[in-house]
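Hi,

Here is the structure I promised to pass on. Have a look at it first, then read my notes below.

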Amino acid sequence: MTTASATAYRVVIGLETHVQLRTQSKMFCGCAADYANARPNTHVCPVCLGMPGVLPVINREAVNHTIRTGLALNCEIPDYAKFDRKNYAYPDLMKWYQISQYDLPLCINGHFDVDVDGATTRVGITRVHLEEDTARLTHVTAADGSPASLIDVNRSGAPLMEIVSEPDIQTPAEAMAYGEKLRALLRWIGVSTANMEDGALRIDANISVWPQGEPIGDVKVEVKNMNSFRALGRALAFEIERQTGRRERGEAIEQETRGWDETSGATRSQRTKEYAHDYRYFPEPDLPPLHITRERVDALRAALPRMPDQVAADLIQQGAPEADVAELVQDRPLTDYSLAVIGAGASAGEAVTWIVHEFRRALNAQPNKGAAIPISPAEIASLLTLRANGSVSSTMAGEVLDEMFATGKSAEEIVQARGPQISGQDELLSIARQVIQENPQAVQDYRDGKGRALQFLMGQVMRITRGKANPRAVSTLIRTQLDAES
Amino acid sequence: MSIDRSQVDHAAELARLELSDDERERLRGELGQILQAFEALNTLDTEHIPPTAQVIPLGNVERDDVVAGSLPLDAVLDNAPRVEDGQIRVPPVLDES
């Protein structure tokens, strides 16, 4: 979908991203925060059940994770932060209020650079604050046949971070790029799994459309229920169409919350009369404020890894292709691994491309995903050296790698056991002649200057030798033969 | 300071309370008195007093991220109005989250 009148209207998008933090325990109590595989209501205590008289206590690691995120998003970390009560009556809150941060959040005034088609947009980060997640509701037909809502309190009180962007985003593509890059960053610094399918990353959007040249007003539409980046892009494209259409017909755009419906591919109004957004925030009396010392901020900053943007810039400067680097830095363990391979002597360009394509293929085929990579970076560097000096063909390098995963043997060992490459001139020569004879069309193409014909003929030789020929020797041999015959 | 019926109704709606006419009238009076008590604060000169969100002289009360255990399921569900399938059952609500 494209915007019908992209030139006549200006699109204003801001994103609110909720992130479940990776901690052992909940935000304000000692219940286990990992509820995903737990039976409903088994990770629950008087604090997260909202019993009267209980005392919440702030989880230090959750605060640290939030500050880490703020630093990674170039935020200021104010000296003083506090928690507030956000009051609303809905059965997903046991206390009928959520502990959140209102006017003095942990992180403010940051920015995040997002790339779309080679152009960089700087998206302001208004704030990053900390709050508690809510209980999970399911809507069912109960055993007695009547409709009911069931409450599982396990998720209630899990640490939840909210990242609020400035309305600096103008297209669905930018919003998707922001989301994807933010997910990679959160994983990179280790504060969250950021898996959208588990609800560890949830993105809501505020969007409005204004005639070009006219001032931007206050009215905006909040869009929720996007469960993937694709859904985010589609929901925003739909809203741009819908709001542009209303503007063109001279109809007003109402401030409202709309839910994305994946099946119908449309947003629908979620407005309900009794659900007024009147949160009556006030300072949380049970939680003393936080004085964030500069020592604490500096220590957290010093312990952060180098940011993906910096690592990517380095790799590109060392000759790695941009597209491969962009893909690599989505994955920090694999990036760290690649850096170690390069540190062990492989060239950056070769290592990154080979790891992103060949190595990752073999790694993903391993049965126990997520386990530590069983092959040392030095071993991979030596395989890449064998490949670079022609001792191993590209095809064979892949096979050697599979064998390294399967047997734990070194690249050298495997290559030796497979026997030497066929580089004996006589044997190769007869194979090359056979191939040339059998493929007159390719020979003609080669003579017509089509470079791919040589690749094809080489491939035929490699196929017959089952990858054991030295590619350079084969290439030289075929060319010599063809050039001599012409 | 007094408050009117519609303010009582609004507060009741936010709190999901159903009030009888008698209750609304009684609460209108009581809430008015509470607000009146707070009005007294406005007579104080606070020009040179820094704003505070806390009356307890404490800060940075944090705990280590350690799991301390939870309640048995029976105890969790003990106060639930209705229980179904190990969960707390409530009247159906539209999921707006």
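Below is what I found, starting with how to read the model.

This is a predicted model, where local features need pLDDT of at least 70 and side-chain atom pairs count only at pLDDT 80 or more, while totals for chains, interfaces and linings use all residues. Residues are numbered from 1 along each chain as its sequence is written, and chains are lettered from A and ligands numbered from 1 in the order in which they are written.

Let's start with where the chains meet. Chain A brings 46 residues to the contact and chain B brings 38 (two residues are in contact if their C-beta atoms, placed from the backbone, lie within 7 Å). On chain B's side, β3(B) gives the most, with 4 residues. Helices here (H or I, at least four residues) and strands (E, at least two) are DSSP runs, numbered from the N terminus. β3(B) also runs antiparallel to strand β9 (residues 147-152) of chain A, with 3 bridges joining them; strands pair if DSSP finds at least two bridges between them. Across that pairing, I151(A) sits opposite I88(B).

Now for the domains. Chain A splits into domain 1 (9-296), domain 2 (306-417) and domain 3 (425-485), with bounds from an automatic or database domain assignment. The C-alpha centres of domains 2 and 3 of chain A are 29 Å apart, and 5 residues of domain 2 are in contact with 7 residues of domain 3.

Cheers
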